[in-house]
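Please prepare a briefing on the local features of this model, grouped by topic and with the cut-offs behind each term.

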Amino acid sequence: MLRRPGYLKDLVYCGIIGIPVSLLAFWFLAGMHELEHIVWVTWPHALAYGTPPWWWPLPMAVVPAVGVILAVRYLPGRGGHVPAAGLQPGGASKAALPGVVLAAACCLPWGVVLGPEAPLIALGGGLALFFRGLVRPPATPASTALMGAAGSAAAISTIFGNPLVGAILLMEAAGFGGARLVAVMLPALLASGVGSIVFTGFGRWTGLQVGSLKLGLPEPPQLDTGDVVWSVLMAAAIGAAVHYVLVFGRRTAVSAAARPLPVIAACAAAMAVCVSLYAVTTGRSPAEAALSGQTALAELAKDPRSWPVGALIAVLAFKGAAYALCLGSLRGGPIFPSLFLGGAAGALLAPLPGYGVVPAMAAGMAAASVAALRLPVSSVVLVALLVGHTDALPVIILAAVTSFVVTELLPTGPDVPPFRES
């Protein structure tokens, strides 16, 4: 394949196109972040509120409702992928770009409990095809798919800050190798996780020592037996809970496809009510239960003790409900809210005997992201990147495999209407 002139030309085009796509994706994310800051910080301060008041999400929800309805009814592409269907690397086009940008701009900064990854995938693929059209190289179905995938990978890497995560995520989401690849990778993941525990040890057991490719860095803290046992049990519970959140989202997506105006409006309003109820019951900022959870997750990881048990329970309940409502009706990605919910569940359960905060949050994030995405390898790599070191990698792998197996054994719910041009 590498010797084919056509493939080499496509490879060069992909490398060149990655530059403008990455730059535009960066400015898209910067614009979303700036608008989010204006809505949730600047405007409340201008009205003499230190933090957004409890009722703040209610008027803000009008923007996503109106924006998504306009994109669904009047623009090609219906505003992008339905997040309840998971990540869908295919289907992006030049014609869908205005609807994707409009829906994302009206959803992500205004409190919708979804992340930017799905709009980025659609944006990157559409931009790659747009720039390819300017150069006018020979177009074939294979080269079009290749260009779209390359553009999506360039765009998605901007949000994760790591090209490896973007590439693995898109390869796994695209289904290269199909079910046979999953059947091979799942036991390989499980065996590697168990093997890591055997050779690094946990508790007072030092493990087995053999030659390795270690660079002489300081040894990380060893895992305890409780870390492993609780992580597996927690992963099964989190996987099942997030799975049924996705099932609710799929059912909502079917209703929204048949009656977009009332369903989207009702879900946006119900989402805002959930976020406001969190603020009322806890006395904390409604922004913690709104938005993607990316900022709140960083704050939670930095100081878990600043979140009382009641606040953790409330954010799991109300943000989880808002997430379920958004998945099937509004536009965005499913990754970051699931990561936050998994991390919050881990922080809540970390006081269990023999458990630690780091392995608990890492296992919770892995279990929740696998249940939301059905991409075990990508979820392990992503959570390992977020944690920043490898000492919790065995429990991340075990939690991911446990969650994947549990969710695969549960009923999937209805099929989500596909991403399409009109």
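In which helix does G346 lie? G346 lies in helix α13, helices here being DSSP runs of H or I with at least four residues, and strands runs of E with at least two, numbered from the N terminus. This is a predicted model, in which local features need pLDDT of at least 70 and side-chain atom pairs count only at pLDDT 80 or more, whereas totals for chains, interfaces and linings use all residues. Residues are numbered from 1 along each chain as its sequence is written, and side-chain values use heavy atoms, with hydrogens and water left out.

- Helix α11 (residues 294–302) packs with helix α13 (residues 335–349) at an angle of about 25°, and their axes are 9 Å apart; the axes are lines fitted to C-alpha atoms, for helices over the stretch in contact, and angles run from 0 to 180 degrees between N-to-C directions.
- That angle makes α11 roughly parallel to α13, given that angles under 35 degrees count as roughly parallel, over 145 as roughly antiparallel, 65 to 115 as roughly perpendicular and the rest as oblique.
- The crossing of α11 and α13 is left-handed, a term used if the near helix is turned anticlockwise from the far one by less than a right angle, and right-handed if clockwise.
- Within α13, G346 is buried at 0% relative accessibility, where buried means under 20% relative accessible area, exposed over 50%, and partly exposed in between (1.4 Å probe, protein chains only).
- The C-alpha atoms of G346 and M234 are 8.1 Å apart in space, although the two residues are 112 residues apart in sequence.
- A155, in helix α6 (residues 141–160), is likewise buried, with a relative accessible area of 0%, and A155 and L23 are 8.5 Å apart from C-alpha to C-alpha while being 132 residues apart in sequence.

**Salt bridges**

- The structure holds 2 salt bridges, each defined as a side-chain nitrogen of Lys or Arg within 4 Å of a carboxyl oxygen of Asp or Glu.
- R284 pairs with E288, with 2.9 Å between the closest N and O atoms; R284 is partly exposed at 22% relative accessibility, whereas E288 is buried at 12%.
- E408 pairs with R374, with 3.4 Å between the closest N and O atoms.
- Because E408 lies in helix α16 (residues 393–409) and R374 in the loop between α14 (357–373) and α15 (376–387), this pair ties together parts that are 34 residues apart in sequence.
- E408 is partly exposed, with a relative accessible area of 47%, while R374 is buried at 19%.

**Nonpolar surface patch**

- L47, Y49, W54, W55, L58, V273, L277 and V280 form a nonpolar patch on the surface, with about 710 Å² of accessible area together, as given by the Shrake-Rupley method with a 1.4 Å probe, only the protein chains shown counting as cover for residues.
- Patches are made of residues with over 30% relative accessible area and no salt bridge, like charges being joined within 9 Å and nonpolar side chains (Val, Leu, Ile, Met, Phe, Trp, Tyr) within 5 Å.
- Helix α10 (residues 260–282) gives the most to the patch, with 3 residues, and V280 lies in that helix.

**Backbone with positive phi**

- Most residues other than glycine have a negative phi.
- A48, in the loop between α1 (5–46) and α2 (57–60), has a positive phi of about 70° although it is not a glycine, and A48 is exposed at 70% relative accessibility.
- R78, in the loop between α3 (62–74) and α4 (97–107), has a positive phi of about 55°, and R78 is buried at 17% relative accessibility.
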